[in-house]
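Reader: I would like to learn how to read the fold and the core of a model. Please take me through one case.

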Amino acid sequence: MTETEQAILQALVELEAAVKGMATARPRPNLLPLFARIEALTGQLPKGTDPNLLHYLHKKSYEKARRFLEGRDAENAQGSCGHV
């Protein structure tokens, strides 16, 4: 896993934790900086990055991207776009 992919995974884990805590968090967390960081890191991925990972990130399928980076891509169900 590249450094950029590791940073994306970390941001995705932080995003998931923030979303899970939103029901009880006061004040609610601002998720925009996390989304911006994920977008910026996605733009830094090198040529040759796995097309599945790029697809998940570009389609904002962040849970699928997290599973992919955790080596759990087989758990990802086919999406409405026809892509696994």
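Author: This is a predicted model.

Reader: Which elements does the protein have, and in what order do they run?

Author: The protein has four helices and zero strands. From the N terminus on, the order is α-α-α-α. With a radius of gyration of 13 Å, against the 12 Å that the globule rule gives for 84 residues, the protein is as compact as a globular protein of that length. Along the principal axes, its C-alpha atoms fill a box of roughly 40 × 25 × 20 Å.

Reader: Where do I look for the core, and which residues in it touch the most other members?

Author: In soluble globular proteins, nonpolar side chains tend to be buried together. Here the largest nonpolar core has 18 residues, and those touching the most other members are Ile 8, Leu 12, Ile 38, Leu 57 and Leu 69. Two or more residues each come from helix H1 (3–20), helix H2 (32–43), helix H3 (51–58) and helix H4 (62–69). H1 gives the most, with six residues.

Reader: What does Leu 12 touch, leaving out residues up to four places away in sequence?

Author: Leu 12 touches Ile 38, Tyr 62, Ala 65, Arg 66 and Leu 69. For the protein as a whole, take contacts between residues at least 6 apart in sequence: 42% of them join residues at least 24 apart.

Technical notes: Residues numbered from 1 in each chain as written. Predicted model: local features only at pLDDT ≥ 70, side-chain atom pairs only at ≥ 80, totals over all residues. Heavy atoms only, no water. Core = buried A, V, L, I, M, F, W, Y, C linked by side-chain atoms within 4.5 Å. Buried < 20%, exposed > 50% of the residue type's maximum accessible area, 1.4 Å probe, protein only. Contact = heavy atoms within 4.5 Å. Rg over C-alpha atoms; globule rule 2.2 N^0.38 Å.
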